[in-house]
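Please examine the structure shown here with attention to its charged and aromatic side chains.

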Amino acid sequence: MRSVKFNRQEVVDQATSLFWEKGFHATSMRDIQAVTGLHPGSIYTSFGSKEALFKEALQNYSRLAKELLNQHVATNPSPIAALKSFIKDVVVEQGRTMPSEHCMLVKSIAELTEDNPILLAESRDLLANLGDLFALLLSKAQGQGEVSTERTPQRLARMLQMQIMGLRAFASTNQDDQQVLELIDDLFLALQY
């Protein structure tokens, strides 16, 4: 039996972009084969199934989002500045060049049904993990007096995630980046009270 030689991370990156653009159900094995250059047998041998490859793509997407957030944390003087910079990046700066203007995790949760309970749970867990990172930053921001302490960091993080979903949807229907940036400014003003 021949061993399959390919860069696994490169294939996962390619699959992540494909699934992010088309969704789980609309992506066929033929699509995956075309994008990765792998034969179906190699895909199954290496990943086990389309579902397993999708799960790895979800984890890859989440890892990339966390890395991007950490880059903004490393280059900004405050937790709020880091969050605001991150949101501007994902919604405006990168938003129009990504495979989809919407978050892959949110798209997956909206698409998947109880027929795919493992993938649905994975999508929800990964989105919750990102929310936990937001809550940590918001807790630090509260400690530094940047954000009101009247609401818990977890509640603020949920609100922030909901607002990001809305901002991405608004940006996808409105080509005026200035309006989107103004809404981001408004969101962070609201966090102060």
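In this predicted model, Lys84 has a relative accessible area of 22% and is therefore partly exposed. Its partner in a salt bridge is Asp185, and the closest N and O atoms of the two are 2.8 Å apart. Because Lys84 belongs to helix H5 (residues 79–93) and Asp185 to helix H9 (residues 177–191), the pair ties together parts that are 101 residues apart in sequence. Asp185 also counts as partly exposed, at 31% relative accessibility.

The structure holds 4 salt bridges. Another of them joins Glu67 to Arg63, again with closest N and O atoms 2.8 Å apart. Both residues lie in helix H4, 4 residues apart, which is about one turn of the helix. Glu67 is partly exposed at 36% relative accessibility, and Arg63 is partly exposed at 32%. A further salt bridge is formed by Lys22 and Asp31, with 2.9 Å between the closest N and O atoms.

The aromatic side chains come next. The model contains 5 aromatic pairs. Trp20 in helix H1 and Tyr61 in helix H4 are 41 residues apart, and both are buried.

Finally, ring pairs join Phe19, Phe24 and Phe54 into a cluster. Lys50 lies over the face of Phe24, 4.4 Å from the ring centre.

Technical notes
Residues are numbered from 1 along each chain as its sequence is written. This is a predicted model: local features need pLDDT of at least 70, side-chain atom pairs count only at pLDDT 80 or more; totals for chains, interfaces and linings use all residues. Side-chain values use heavy atoms; hydrogens and water are left out. Rings of Phe, Tyr and Trp (its six-membered ring) pair if their centres lie within 6.5 Å; planes under 30 degrees apart count as stacked, over 60 as edge-to-face and the rest as tilted. Helices (H or I, at least four residues) and strands (E, at least two) are DSSP runs, numbered from the N terminus. Buried means under 20% relative accessible area, exposed over 50%, partly exposed in between (1.4 Å probe, protein chains only). A charge sits over a ring if NZ of Lys or CZ of Arg is within 6 Å of the ring centre and within 35 degrees of the ring normal. A salt bridge is a side-chain nitrogen of Lys or Arg within 4 Å of a carboxyl oxygen of Asp or Glu.
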